[in-house]
Amino acid sequence: MSTPRPAMSPVDAQALEWQVVFWSGEVQEHEQQDFQIWLAADPLHEQAWARIQQFGQQMQLAPQEVASQVLQAGLSAQAVQRRRAILRSFLLLVCGGLGSYGVSRTPQWAAWNADYRTASGQRKELTLPDGTALALNTASSLNVQYSETQRNVVLLGGEVLISTASDPQIRHRPFVVQTPEGEVQALGTRFLVRHWPSKARVSVQVYEGAVELRPRHVGQRTRLQAGQQVLFSKQQSYTPEPANEQASAWQRGLLVAERWRLGDFLAEVARYRAGVLRCDPAVAGLMISGVYPLQDTDAILQSVSQALPVQVRMMTPYWVTVSASA
């Protein structure tokens, strides 16, 4: 007997259709006005819009840039409408049938059901049975798999800071972080692991001790000492560089930027808030530095508008664009 799929409410379906329109990257002025009218018409609409934004962040569902590329390829008005319909159907299937066979085997579903996970803007600290301390950054998920022979942490997505402890068992059990790109084995250490899905890379920063990297598809092993960082993919690890101590500032609730491109800075800020944060390419190359508290990303955007010749336009709290000052 098949399990009935939970039905999506009409209001949630409307919110999802608006999400697809915004993902298209070709929002017309009349559509923006229609959206504002729809949003203001009923408090239930705003609640549904917030649910769709939060759901998309937690599930990492159809990232905006990917959906935009799908919708814009070979643009014509009719083609965009057809692609919007296809993407809408896909999202309705995913949102309405989370328990179905295919969805239950996606990375998003695995993250949703992880042993430990954080939503956008959340951070979490925990201690494993052997005393190892983990700190999860925003929008992260992992599973913990301890056995008689090995201590595994499976990073499904996001970022984790790890301080390993001595294994209390007499028999040595290696401590290994498994990522989509390969493995990182701790050699008595404190280190940071971050998955970059858009680049198909994993970055590792070593603050104490050492680690050994093993890309998934090659036998190559790279030893990384304290004070070093490196990127690796399934195929290779790249040349090590000096570690960035400020990369773990999020554990203290801070984002530290030193001469960052504004586009990169806003991409980092976007990790800590629900919804869409877009940067106009015309201002993406502006440089920015500073120390910003992560608990209030609206305040960060306000600081940016005061420091640079840009304006921050909020269609809603979940749709924000940074562009050149008028």
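Arg214 is buried, its relative accessible area being 16%, where buried means under 20% relative accessible area, exposed means over 50%, and partly exposed lies in between (1.4 Å probe, protein chains only). The model is predicted, so that local features need pLDDT of at least 70 and side-chain atom pairs count only at pLDDT 80 or more, while totals for chains, interfaces and linings use all residues. Residues are numbered from 1 along each chain as its sequence is written, and side-chain values use heavy atoms, with hydrogens and water left out.

**Salt bridge of Arg214 and Glu183**

- The side chains of Arg214 and Glu183 form a salt bridge at 2.8 Å, N to O, the term standing for a side-chain nitrogen of Lys or Arg within 4 Å of a carboxyl oxygen of Asp or Glu.
- Because Arg214 belongs to strand E11 (residues 210–215) and Glu183 to strand E8 (residues 182–186), the pair ties together parts that are 31 residues apart in sequence; strands (E, at least two residues) and helices (H or I, at least four) are DSSP runs, numbered from the N terminus.

**Other salt bridges**

- By the rule given above, the count comes to 12 salt bridges.
- One of them joins the side chains of Arg151 and Asp167 at 3.8 Å, N to O, and this pair links distant parts of the chain, with Arg151 in strand E5 (residues 151–157) and Asp167, 16 residues apart from it, in the loop between strand E6 (159–163) and strand E7 (175–179).
- Arg151 counts as buried because its relative accessibility is 5%, and Asp167 is likewise classed as buried, at 17% relative accessibility.
- Asp264 and Arg261 also meet through their side chains in a salt bridge, at 3.5 Å, N to O; Asp264 is partly exposed with a relative accessible area of 42%, and Arg261 is partly exposed at 37% relative accessibility.
- Salt bridges with shared partners join Asp130, Arg151, Asp167 and Arg173 into one network.

**Surroundings of Ser203**

- Ser203 is located in strand E10 (residues 201–208), and it counts as buried because its relative accessibility is 11%.
- The side chain of Ser203 makes a polar contact with the side chain of Trp196 at 3.0 Å, a polar contact being a pair of N or O atoms within 3.5 Å, of which, within protein, one must be able to donate a hydrogen and the other to accept it, while residues adjacent in sequence count only if both atoms are side-chain atoms.
- Leaving aside residues up to four places away in sequence, Ser203 touches Leu192, Val193, Arg194, Trp196, Val230 and Leu231, contact meaning heavy atoms within 4.5 Å.
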